[in-house]
Amino acid sequence: MTIQTPKTERLTLLGSTGSIGDSTLDVVARHPQRFSIFALTAHRNGAKLAEQCLRFAPEWAVVGDAATAQQLETTLRAAGSRTQVAYGEAALLSAASDAQCDTVVAAIVGAAGLKPTLAAARAGKRILLANKEALVMSGALFMDAVRDHGATLLPVDSEHNAIFQCLPAGPQPHGGVTKITLTASGGPFRTREPATLEAVTPDEACAHPNWVMGRKISVDSATMMNKGLEVIEAHWLFGLPPDRIDVLIHPQSVIHSMVSYADGSVLAQLGRPDMRTPIAHALAFPGRIDSGVASLDLVEIAKLTFEHPDYQRFPCLKLAFDALRQGGNASAVLNAANEIAVEAFLERRIGFMRIAAVVAGVLARIPNSAAGSLDDVFETDAQARRYAGEEIARLGAGALAG
Ligand code: NAD
Ligand code: MG
């Protein structure tokens with residue numbers, strides 16, 4: 001008699017060295033009988049990827065360039081690891097679509113996540129989606145690929161995961177849903193005097209009051225562009241028009257989002273602000289597993305408060321709503337211009353409030369058109385990045401004087 005060991009679910013983790021990558025591996029490590037790692041990918045952080053490979057023994061490790069791959073290879077061979085090393089776009093796409101992998105965790109930051117996440121959709125994978133930029137750039141194309149290839153999309157972004165948990169099971173449209181409400185912490189500058197915002201530093205912008213995240217999404221949280229991108233993400237995930245997607249500032253980050261129904265019921269998902277909860281939910285769906293997150297103590301929190309967002313303070317949120325209403329290529333323009341502006345802010349080439357000005361300037365310069373194909377999307381993306389560079393050169397001069 002042979003004793004069969006149950007097959008583990010094999011994961012590819014795109015962007016394993018980031019914040020979502022760390023949280024995912026933390027959950028995975030708690031369930032070694034249930035999950036194993038097929039591939040880990042990172043951009044340039046070969047040293048951290050090497051540590052992860054030694055701990056989780058994936059079949060493949062994929063990085064962005066030859067030099068990082070060479071270093072990783074040397075470290076892994078010296079440590080006796082059998083993980084194979086590859087680099088470049090083709091290797092990244094293979095890691096996301098290989099027949100040996102069951103589930104892809106899409107946690108690359110920014111537009112770079114689009115192609116590998118789309119490759120996973122076209123391969124019919126179960127996709128745990130953290131990378132919101134893929135849906136923002138090309139929501140229609142991406143959702144079509146998911147449907148046409150029988151892929152399964154499970155939202156990891158905490159708000160979308162919360163809404164997913166509060167919606168009825170079954171296909172869209174969900175009857176009786178009147179609106180969804182995305183909650184937002186308001187970030188580190190919710191109450192700061194607006195006149196002082198131009199002078200804030202990258203470290204201040206990245207010091208989020210409740211969540212620990214990568215630097216790009218941290219800046220997006222401070223401008224509330226993150227919530228804007230999430231409104232667009234929610235539109236594509238849940239098939240609701242912009243006027244049925246609401247944003248509410250909730251500084252305690254305990255209610256992660258809510259769904260309102262025609263009968264007056266409002267369903268909300270609550271929990272500590274720890275990404276391991278939505279990650280564990282998506283990993284185990286439709287079951288539930290331990291995530292390592294302590295249970296919620298409402299008496300300790302005592303008070304939950306809410307306020308409407310102020311578009312004067314957070315112009316990026318309005319820009320995102322406007323882009324969604326405009327449709328076509330506007331969201332892709334918004335996303336690309338924002339990535340370039342955030343990078344310039346993090347490199348101290350422009351002041352904080354110029355991020356919105358750069359995005360608005362680029363949106364005004366690119367006429368709206370259909371985003372018919374992936375080539376169209378990348379053409380728009382490239383043009384918006386070019387224009388953003390020009391806006392930064394124009395607006396940025398003197399921005400950081402003193
Ligand atoms: P991060 O910056 O901490 O990590 C990004 C990962 O992507 C790293 O592994 C990096 O090596 C990889 N990467 C970066 N550029 C790349 C490129 N050009 N090609 C290939 N790989 C590349 O980011 P994060 O905070 O983990 O966020 C990842 C994604 O998840 C983002 O889209 C973000 O919006 C989303 N998200 C994050 C959180 C969070 O709490 N951190 C919450 C919700 C959604
Ligand atoms: Mg979120």
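Mentor: Start at histidine 43. One of its backbone N or O atoms lies 2.9 Å from an oxygen atom of ligand 1. Threonine 17 uses its side chain instead: a polar atom there is 2.7 Å from an oxygen atom of ligand 1. Alanine 130 has a backbone N or O atom 3.5 Å from an oxygen atom of ligand 1. Of the 840 Å² of accessible area that ligand 1 has on its own, the protein covers 85% (Shrake-Rupley method, 1.4 Å probe).

Before going on, know what you are looking at. This is a predicted model: local features need pLDDT of at least 70, side-chain atom pairs count only at 80 or more, and totals for chains, interfaces and linings use all residues. Residues are numbered from 1 along each chain as its sequence is written, chains are lettered from A and ligands numbered from 1 in written order, and side-chain values use heavy atoms, without hydrogens or water.

Now widen the view. In total, 21 residues surround ligand 1 (a heavy atom within 4 Å). The closest are Thr17, Ser19, Ile20, His43 and Glu133. The shell draws on two domains: at least three residues come from domain 1 (9-155), and at least three from domain 2 (172-272 + 295-317). Those bounds come from an automatic or database domain assignment.

Next, turn to ligand 2, a magnesium ion. Its protein donors (N, O and S atoms within 2.8 Å of the metal, or 3.2 Å for Na, K and Ca) are Asp157 (OD), Glu159 (OE) and Glu230 (OE). They lie 2.1 to 2.2 Å from the magnesium ion. Along the chain, these donors follow the spacing D-x1-E-x70-E. Trace that on the structure. Aspartate 157 is in the loop between strand E7 (152-155) and helix H7 (158-166), while glutamate 230 is in helix H10 (residues 225-238). These two residues are 73 apart, and the pair links distant parts of the chain. Helices (H or I, at least four residues) and strands (E, at least two) are DSSP runs. Both aspartate 157 and glutamate 230 are buried (under 20% relative accessible area; exposed is over 50%, partly exposed in between).

Leave the ligands and look along the chain. Serine 138 sits in helix H6 (residues 133-148). With a relative accessible area of 4%, serine 138 is buried. Now find glycine 292, in the loop between helix H11 (276-284) and helix H12 (298-301). Glycine 292 and valine 27 are 265 residues apart along the chain, yet their C-alpha atoms are separated by 7.0 Å. Glycine 292 has 29% relative accessibility, so it counts as partly exposed.

Proline 286 is also in the loop between H11 and H12. The peptide bond from phenylalanine 285 to proline 286 is cis, with omega near 5°.

Finish with two backbone angles. Alanine 302 is not a glycine, but its phi is positive, about 70°. Find alanine 302 in the loop between H12 and helix H13 (315-326). It is exposed, with a relative accessible area of 66%. Arginine 348 has a positive phi too, near 60°. It lies in the loop between helix H14 (330-346) and helix H15 (354-365). At 49% relative accessible area, arginine 348 is partly exposed.

Definitions and conventions:
A polar contact is a pair of N or O atoms within 3.5 Å; within protein, one must be able to donate a hydrogen and the other to accept it, and residues adjacent in sequence count only if both atoms are side-chain atoms. Buried means under 20% relative accessible area, exposed over 50%, partly exposed in between (1.4 Å probe, protein chains only).
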